[in-house]
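Colleague: I have a model open and would like to learn how to read it. Could you take me through it feature by feature?

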Amino acid sequence: MMTLIKNGNVVEDPFIDCTEMHILPKSGALIVSVAQWQDHWEKLVRRPDPIGVQLKSHEHPEIIADDLESLTVIALEFPTFKDGRAYSYARLLRERYGFTGELRAVGEVLPDQIHFMERVGFNSVEIDSDNALADFERATKEFTVWYQPSGDARQRAAELRRGQKQG
Amino acid sequence: MYRYDEFDQQLISERVAQFRRQVQRRLDGELTEDQFKPLRLMNGLYLQLHAYMLRVNVPYGCLSAKQLRKLADIARRYDKDFGHFTTRQNIQFNWIKLEDTADILAELGEVEMNTIQSSGNCVRNITADPLAGRAADEIQDPRVWCELLRQYSILNPEFSYLPRKFKFAVTGSPNDRAAVAVHDIGLRLHLNARGDRGFEVIVGGGQGRTPVIGKTIREWIEPEHVISYVEAILRVYNIYGRRDNIYKARIKILVNALGIERFRELVDAEWENIRDGQLKVSNEELARIDAYFKPPAYESLPDLDDELASLRRVDPDFDAWMTSNVAAHKVPGYAIVSLSLKAPGRVPGDMTATTMDGVADLADAYSLGELRVTHRQNLVFVDVKQEDLHTLWEQLTELDLAAANIGRVSDIIACPGLDYCSLANARSIPVAQDIGRHFAAAEKLQEVGELTINISGCMNACGHHHVGNIGILGVDKRGKEFFQLTLGGSSDQNASLGDRLGPGLPQAEVPQAIEKIVDAYINKRQDDERFLDTYRRVGIEPFKQAVYGPVNSKKQVA
Amino acid sequence: MSHMVIANRLHDGLVVFLAADGSWVDSIARGWLAEDEPDRTRALQRSMEAQYANQVIGPDLIEVTEQHGVRMPVSIREAIRAAGPTVQTGRNA
């Protein structure tokens with residue numbers, strides 16, 4: 001069952017996925033494709049409802065880098081879990097372009113990728129699981145040592161070592 | 001050698017626990033093979049012709065006697081009493097059961113070894129000059145940088161699903177024994193015009209179906225910036241590398257498509273954003289890791305070249321071995337000894353568990369408990385006292401590891417080939433064994449001198465045949481095993497790709513062809529020319545004629 | 001031309017052949033020789049089921065000849081899979 005987990009909790013998705021629609025709904029919280037965003041953004045930003053954009057794996061987030069203030073959610077697609085472009089996109093959105101809204105992983109997402117996704121800045125994932133929350137919690141606790149910085153606030157091993165010496 | 005602290009150890013344990021769960025989920029059917037395959041590859045587990053194969057990382061080729069004993073133990077208890085040293089300085093076990101793998105990983109963790117990212121579309125084992133820290137020609141020991149890169153790349157969340165595999169090689173010496181020109185990223189530590197130490201960064205080299213010599217993206221970069229610069233390259237590759245065709249997904253394809261200037265622009269632009277961030281290497285972490293690589297407390301020993309010379313005069317076998325298998329050490333009274341895994345008829349790179357134990361004992365007795373694995377599938381003892389050389393030679397001879405052929409015609413590099421590998425078109429090992437037997441005689445080896453032969457069983461080129469002085473590529477021709485020869489390859493600082501000699505030859509004709517090539521070389525050589533020098537001077541024609549006959553001959557060729 | 005189904009067993013990776021009763025055996029001599037189209041279809045059906053049931057990986061229909069009671073896959077690759085590596089180290093032969 002497709003389940004959305006945001007900030008560690010199972011939530012109902014308030015957004016309507018419009019990416020395949022020909023005509024956008026007149027209201028409601030919508031997630032639109034890049035093409036739809038580029039065609040309709042002027043109207044969309046005037047609406048009171050939250051809006052989001054979904055990027056395909058070949059769509060570089062610089063396309064929407066100037067629009068981040070208008071976006072409540074950005075969804076990054078994993079057409080197959082082997083397509084790792086969105087890990088870089090996530091870091092750029094968070095660390096380079098300063099996006100602070102919901103960064104959502106959609107598409108083929110296995111529990112085995114959740115930890116990496118968290119580390120690069122995703123704070124929500126859409127996974128197909130009968131035990132989504134249990135899978136999520138186990139995945140996020142799989143590792144407690146990290147070697148390299150990745151935009152999250154976790155202390156790296158190098159920092160912990162320094163801390164140890166001082167402590 | 002680097003030693004794990006509690007953090008390194010914890011990371012390994014957590015990874016093993018994760019993989020144990022993944023294996024169980026696969027066995028229970030919760031994960032399909034399609035979902036499981038990338039996960040098991042990222043833990044070094046392949047499915048090959050006969051069984052699963054497990055590839056264990058030997059970081060930049062450094063191994064301890066204790067680790068080698070554990071590898072022998074694993075070979076005995078979980079495999080068929082042997083392991084195989086690879087062209088990336090790793091070791092592979094060919095008969096592993098999926099259900100045993102997590103236990104094996106746990107046992108490897110006990111001796112500070114792991115299989116993390118030894119396969120998969122991620123950063124693989126960082127390889128380096130096997131003589132790092134010891135070679136007289138070295139500018140600086142590069143191993144601290146290898147370890148920093150290793151930690152940077154392990155379980156890197158951004159770069160675990162790259163378009164394709166990613167391989168680093170590092171050298172601290174102008175004489176490149178790490179083949180940096182044919183790696184995705186090659187790093188060459190050197191002094192710039194002002195005498196400052198830094199890295200030349202070479203990108204987009206590689207072999208496989210489309211071999212390429214790497215291009216210099218940066219002539220010189222301060223060492224403290226090398227990690228951030230690598231991140232910039234990886235990020236550009238991760239975003240722009242092709243994902244539609246696995247045969248066009250390596251970084252070399254991207255660099256070729258964009259051109260090095262444009263590729264450099266993208267990387268430099270990305271790097272500007274991150275160069276002074278958290279990836280700048282702190283002096284503290286540098287010092288902490290470098291401490292593990294500080295040279296041992298050598299004894300003050302006299303140079304024994306004269307004494308050894310007299311021994312050599314009375315014993316031609318010892319003399320031959322000293323000439324080809326022993327190299328000069330930085331420190332007087334010491335020597336660097338190569339163990340040849342290529343005695344005629346041996347399977348290149350294979351070693352039985354019993355021999356591993358024997359080598360571990362010798363490492364403890366004669367080389368401060370450590371050894372190196374080379375990408376030529378041999379081992380090296382880097383800290384042997386000259387006074388021990390003769391005794392060590394005798395003991396290596398007992399173990400069949402003293403063939404006087406390092407860098408010579410019978411020191412053949414061969415991939416496992418169709419005897420083991422599901423990708424192969426032809427068997428490479430029997431060809432290597434045949435050639436080795438043809439050139440068994442010590443005098444012949446000395447006469448021929450430096451000549452590298454590399455055999456790959458398919459176009460994936462795991463035998464690095466493109467950079468062999470003689471390259472041999474196995475192909476499938478109408479269901480039969482044929483072999484195409486190339487000449488003139490080299491993986492050193494003047495790297496070159498071999499030129500195709502002619503149509504493929506059936507297996508039975510390969511050793512004779514090699515003999516004809518060698519004879520033609522001896523015929524044409526001037527002064528001290530190596531095979532490669534003669535080839536570069538006279539070109540391919542004399543060799544073509546030697547193997548295939550004169551151009552206007554009516555002789556049938558395959 | 002006769003055919004057999006060859007695969008790798010999931011839990012230990014060893015080479016196995018589909019037997020007449022639908023089980024998987026590790027010797028080519030005891031595997032099932034599919035002689036005609038209906039046989040081959042049945043064999044493929046069974047191997048797909050086994051793959052789905054996580055018993056085997058990558059089942060493949062291969063050509064096999066039988067001479068004087070000895071079965072030999074036609075391709076070198078499959079012959080090596082059936083008989084083992086042609087080179088020896090340790091206990092692999």
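**Reading the model**

Modeller: Let's begin with a sheet in chain B: five strands make an open sheet in the order 6-7-8-9-10, with mixed pairing. Strands here are DSSP runs of E of at least two residues, helices are runs of H or I of at least four residues, and both are numbered from the N terminus. Two strands pair if DSSP finds at least two bridges between them. This is a predicted model, so local features need pLDDT of at least 70 and side-chain atom pairs count only at pLDDT 80 or more, while totals for chains, interfaces and linings use all residues. Residues are numbered from 1 along each chain as its sequence is written, and chains are lettered from A and ligands numbered from 1 in the order in which they are written.

Colleague: Which strands are the edge strands of that sheet?

Modeller: Strands of a sheet pair through backbone hydrogen bonds, either parallel or antiparallel. In chain B the edges are strand 6 (127–128) and strand 10 (215–221), each pairing on one side only. Strand 10 runs antiparallel to strand 9 (residues 197–203), and four bridges join them. To find one on screen, look at B:V203, whose bridge partner in strand 10 is B:K215.

Colleague: What does chain B contain in helices and strands, and how is it divided into domains?

Modeller: Chain B has 18 helices and 21 strands. Its radius of gyration, taken over C-alpha atoms, is 23 Å, close to the 24 Å from the globule rule (2.2 Å times the number of residues to the power 0.38) for 558 residues, so chain B is as compact as a globular protein of that length. An automatic or database domain assignment divides chain B into domain 1 (6–110), domain 2 (134–290), domain 3 (305–398) and domain 4 (413–548). The centres of domains 1 and 2 of chain B, taken over C-alpha atoms, are 27 Å apart.

Colleague: Phi of B:Y60 and phi of B:D527 are positive. Is each residue buried or exposed?

Modeller: A residue is buried if 20 or more other C-beta atoms (placed from the backbone) lie within 10 Å of its own, exposed if 12 or fewer, and partly exposed in between. B:Y60, with phi near 40°, lies in the loop between strand 2 (52–56) and strand 3 (62–64) of chain B. B:Y60 is buried because 28 other C-beta atoms lie within 10 Å. B:D527, with phi near 50°, is in the loop between helix 16 (510–524) and helix 17 (531–538) of chain B. B:D527 counts as exposed because it has 5 C-beta neighbours inside 10 Å.

Colleague: Which residues does B:I517 touch?

Modeller: Two residues are in contact if their C-beta atoms, placed from the backbone, lie within 7 Å. Leaving out residues up to four places away in sequence, B:I517 touches B:I470, B:F543, B:A546 and B:V547.

Colleague: And how many residues does each side bring to the contact between chains B and C?

Modeller: Chain B gives 27 residues and chain C gives 22 residues. On the chain B side, helix 4 (98–110), strand 13 (350–352) and helix 14 (429–438) each supply at least two residues. Chains A and C share no contact, and their closest C-alpha atoms lie 19 Å apart. Of the two pairs of chains that touch, A and B have the most contacts.
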